[in-house]
Amino acid sequence: MQLVKAQRDTLLRPLQIVSGIVERRHTLPILANILIRKDGEKVSFLSTDIEVQITTHAQVGTGGDVAATTVAARKLLDILRALPDSGDVSLSLANKRMTVQSGKSRFALQTLAAEEFPTVAQAEQYNAKVTLPQKTLKHLFNMVHFAMAQQDIRYYLNGLLLVVDGKNVIAVATDGHRLAFCQVEAEQEFARQEVIIPRKTILELQRLLEENDNPVDVEIANNQVKLTFADIELISKLVEGKFPDYTRVVPKGYKNNFTMSREQLLRSLQRAAIMTSDKFKGVRCIISPGSLKISSTNADQEEAVEEIEIDYGGDSIDIGFNVTYLLDVLNNLKCDQINIALGDANSSALITVPDNADFKYVVMPMRI
């Protein structure tokens, strides 16, 4: 029975959308597959790793019948990528095998029964539904994702805190050493909701969301979040646990602050980072009236020194930072100027964008 007949690129797009979360090695072999369901011309493609599930649709079916099967995601994707750009591709099903045919190329793939595929059950009730343009949500995630923890024993840090409060939609990420905060405004108003979205889901959404004004519906349940945009539906489990109170982490009332060129600081730190070692990424910053001096050394007694003139008249401060944490934020910001506020050598630094209260980045000092 023929399931699908379409141009290669028309078929490749939905497969690329869903295959990002497919794990090569999994305790359940069927999770290396994608579920293909056909109902007349409408064909849905679904993948899951039990935590996250992505579904997309395409009008690529042939005939009026209904069918469903699962097939290895990576193999099917690799075959389609290797086929010529032009020309139709057909997928047909017979005797528990899927045949992929294009021109004179033919591949036979093993399938597993669709009934055995473990899909994620949708929540019965969603407590809030927020609609934002795709580019706004993508921007929100881009501004904080780099501060998420990776495989931290405090599992609630391995994700991103999404807060809906009135008209504000807030994203916060921290790994315990630095914290990034960003907020955007929605058109609707909501009662406060706080959820922690897993790291893998956020990285996948950054890949799927596009820089356009098309809407994304974000629906929040007690244990699940569902995002619907374009012809994609993504359902993700949430991380359980209590996220740190970010309002207490962001310092207030620092009197030592200065504004400087983001690009200039980024280039100086990139050069200073060359002399740091893989194990120790520390740079020393000496801030004094009119001057910022950045230095780094390594175990071989090699040294880098950078000096920048700044418009500053506050206290002299000698403070150390992990250079990676500073480079992450400077690479992600797109503004010309940044503002740096400091307390003393033992207090965290606050990096903000002048005349913009929507972004804050807090980084802890380190001993040099």
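**Exercise 1. Find which residue stands opposite R284 in β17.**

Step 1. Locate the strands, which are DSSP runs of E with at least two residues, numbered from the N terminus. Strand β16 covers residues 282-288. Strand β17 covers residues 291-297.
Step 2. Check the pairing, which needs at least two DSSP bridges between two strands. β16 and β17 run antiparallel and are joined by five bridges.
Step 3. Look at the turn. Two residues lie between the strands of this hairpin, and G290 has a positive phi near 85 degrees.

This is a predicted model, in which local features need pLDDT of at least 70, side-chain atom pairs count only at pLDDT 80 or more, and totals for chains, interfaces and linings use all residues. Residues are numbered from 1 along each chain as its sequence is written, and side-chain values use heavy atoms, with hydrogens and water left out.

**Exercise 2. Describe how β17 pairs with β18.**

Step 1. Strand β18 spans residues 303-309.
Step 2. Seven bridges link β17 and β18 in the antiparallel sense.
Step 3. I294 stands opposite E306 in β18.
Step 4. Five residues separate the two strands of this hairpin, and Q301 in the turn takes a positive phi of about 65 degrees.

**Exercise 3. Is strand β17 mostly covered or uncovered?**

Step 1. Apply the cut-off: buried means under 20% relative accessible area, with a 1.4 Å probe and protein chains only.
Step 2. Five of the seven residues of β17 are buried.
Step 3. β17 is thus mostly covered.

Note on methods:
Buried means under 20% relative accessible area, exposed over 50%, partly exposed in between (1.4 Å probe, protein chains only). Helices (H or I, at least four residues) and strands (E, at least two) are DSSP runs, numbered from the N terminus.
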